[in-house]
Amino acid sequence: MMAATGSGDVFAAAVLLGLAAADVAAGAVGVLVGIAVVGRWGSSSLAALSGGQAVVGAAGWSGPAAMVASSWAAAFAVVLACPRRRPASTATTDGHTGVPLAPVLACGLLAAALVAGPAVGADPAHVVALRVGASVVAVVVAAVVAGACSRRTARVAALIAAVVAAAVAVLA
Amino acid sequence: MTGAQAAALIASLVVPVVALLGPDDRRTGSSGDPGPRRGLATFRWPQAGAVVSAGAWLALVVSGASGHAVGLHVTPVVAAAGCGAALIAAASLEGMTKRRSQVATCVALAGVGVALTAGVGGAQPVAVAGGLALAVFLTHDPATPRGRWAGLAPAFLGAGGVAACIAGFVLLHDRSGRWTLPATSTLSAETAVAFVVGAALLSVYATLGDHLARRRGGNDSEGVPPGPQVATRSAAVLLAGGLAVGLSAAPLRAPSADVGVAAVVLALAALAAAGSRRGALSLALLALAAAAGPPALAPGARLLAAAAVIAVAVGRPWVWLAALPGAVSLGMGVVDDGGRLALATAVATAAVAVLLAEVAVDTLAGGEDPQTAGPTRSPAGLRPTLGAMPAVIGGAWLVVAAGTWTWTGSALGAYDQGMGRAVAGGLLAVVAYVLAGQLGLGAGAGVFSRPGAGSTTGPPGSRRSIGAPGSPSGPSPAPAPPSPVRPRRRPTQLVRSKRSASPSRRRRPALFQRARPRARSSARPPEETRPPKGTRPPKGTRPPKGTRPPKGTRPPKPRRSRPPKA
């Protein structure tokens, strides 16, 4: 909800992401992504993130190359931090082992907001189309990654991507 | 201050002590044993007094009371600390049956209030030292598992905290010639450090009682069942007082006074406390470290202190989430300040957050408590007590709308907006989930259902047959032996059941169905197979008058079950 509407705080979103995933690593990834956002945009507010993108362009292809790379790394970290499919031991009795829908949606929307989440401004049709398209792509990618990767691999990759994003945003 | 605010201030100090004059519930009944209590009946007069005191303090906080009246002075931070102390007292009094402990807690609460508000005319050291020392003396519990000297260690901590505060006042008098804390930032570094160290020692003392009680397996040695559900002890009321002293004094230091070393030491101590699974203490120390840091971190420090007070009042690991707005505010302060000390504090905050999250996840996942060597996940271990409910409400308010806590000086408008929308979205999702369960759609189906009625269902989608044994549309269950005693009708139940093994059970819309006892329905034939009223069976099938069935075939007469005599 926060990522979709571009309101709230990125650290709060990170903690909620960790709660949804019931995973400390996911929360840590969220905090690192928050540091990356603060390092680039100077604020942890998602509204500031959207407003900044509305002014200077989408974070995924506008601005210095290091910052663009940081944004993409942060988005990938969020997607990789999405909760995995359930292991067989905890699967339901009817054999349901699918990817949990709500965390996938949350991770996808947050990742889209990090890369292509400008606020609706002068060209609303273009912005809405951009955001909807980016959100759909990010949600699909999150679902695919959550269904394909193992939990351990994805967790390590997410942590590495988040550290890279935070380090590049702070140091660059 | 207005007259109403002065009245609220006096009430907040007096009511907890007056409540002790209420009827002693141990004397109720002939045998002196009040018997088992449940729900609101567990509320005692001192506990009600603490809640009323918290309400009076809250009125002062909300109305923004600041100034002098009737020889007392109050600031928003002081009022908030008083409210926190009262909330802790209300939670600590839960389960306290000893009269001495109740008196100690309530008088300690009043002592903390006096320490924070009295001493207007230059007698602030006397008020602070006297009130806090009285509270330490009353709440000290020498019963520890290691003997007499180990039992005195907490007392030394508390006394050391009070002594450090006195030293701070002495240093203040030496440097500025006054005995009251100034309104402007003129404190020297040594004075500020003395107050912060005193606050830290008092915080350790206040939370040490909980730690020892957990190791001992009981709350204040009063027979509360052992285990991790032990919440707080009476000494915990000193946490709010100590934090108020530290948070009031630390920001008053002069711009040239550097207390960075103290801030780093406190941050490391917070890390150590988090590593030893003491979440409330780690939050309190982190708040003091932030208060000793750059001024931009002051709002975050106050929010973290509020979270620490709520954490010690509730005493459950999930309440550590209340530190979220404080961490966000600290992040904003780090961005504003940009210094090394602020960055170090932020790093310590992140590390504490990770450690506490690890502990909380471990606890909620059903790990083993290393102190009690028992399972940490139990309904009683995660559910807050009734006395802690006001603190739970305060914690929820803090997490959702921290920007409305104006006494902290934080600017969390964006945070509030996002959390409000997140909560609204979450509630909508819950409603949709429950509705899906009602309509038999999706994953929400079958979440709310009756216990013990799952395996005997009729055809999928047949609402009438679901869970109703003997219904003609569904397969009949195995006939239960006839019970001579008519079972009592069970009330409507709303119970969360486990996920069903059968796919048809997931379609059961059983949110508010009345549970029907199986024994009764099996003893009587279904409605459709019984003859209508007023009709008699044909003559050939009736037994002749005067004949009785043989003795072995007669069903036994139902006996009335009488309740046992008291």
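B:Arg277 is buried, with 21 other C-beta atoms within 10 Å; the cut-off for a buried residue is 20 or more. The model is a predicted one. Chain A is made up of 8 helices and 0 strands, and 22 residues of chain B are in contact with 26 residues of chain A.

**B:Arg277**
- B:Arg277 sits in the loop that runs between α9 (260–275) and α10 (279–291) of chain B.
- The phi angle of B:Arg277 is near 65°, which is a positive value in a residue other than glycine.

**Chain A**
- Along the sequence, the elements of chain A follow the pattern α-α-α-α-α-α-α-α.
- Chain A has 172 residues, and 55% of them count as buried.
- When contacts in chain A between residues at least 6 apart in sequence are taken, 73% join residues at least 24 apart.

**Where chain B touches chain A**
- The contact involves 22 residues of chain B and 26 residues of chain A.
- On the side of chain B that touches chain A, at least two residues each are supplied by α12 (324–337), α13 (340–364) and α16 (413–439) of chain B.
- α16(B) gives the largest share of that side, with 8 residues.
- By residue class, the side of chain B that touches chain A has 15 nonpolar, 4 polar and 3 charged residues.

**Helices α3 and α4 of chain B**
- Two packed helices are described by the angle between their axes and the distance between the axes.
- For helix α3 (residues 76–92) and helix α4 (residues 99–117) of chain B, the angle is about 175° and the axes are 10 Å apart.
- Angles over 145 degrees count as roughly antiparallel, and α3(B) and α4(B) are therefore roughly antiparallel to each other.
- From α3(B), the contact is made by B:Val78, B:Ala81, B:Gly82, B:Ala85, B:Ala86, B:Ala89 and B:Ser92.
- From α4(B), the contact is made by B:Thr105, B:Cys106, B:Leu109, B:Val112, B:Gly113, B:Leu116 and B:Thr117.
- The residues of this contact of α3(B) with α4(B) comprise 9 nonpolar and 5 polar, with no charged.

**Nonpolar core**
- The largest nonpolar core contains 217 residues.
- Within that core, A:Ala77 and B:Ala308 are the residues with the most contacts.
- Leaving aside residues up to four places away in sequence, B:Ala308 touches B:Leu239, B:Leu243, B:Ala280, B:Leu283, B:Ala284 and B:Ala287.

Note on methods: Residues numbered from 1 in each chain as written. Chains lettered and ligands numbered in written order. Predicted model: local features only at pLDDT ≥ 70, side-chain atom pairs only at ≥ 80, totals over all residues. Helix = DSSP H or I, 4+ residues; strand = E, 2+ residues; numbered from the N terminus. Buried ≥ 20, exposed ≤ 12 C-beta atoms within 10 Å, placed from the backbone. Contact = placed C-beta atoms within 7 Å. Nonpolar A, V, L, I, M, F, W, Y, C, P; charged D, E, K, R; others polar. Axes fitted to C-alpha atoms, helices over the stretch in contact; angles between N-to-C directions. Parallel < 35°, antiparallel > 145°, perpendicular 65-115°, else oblique. Core = buried A, V, L, I, M, F, W, Y, C linked by C-beta atoms within 7 Å.
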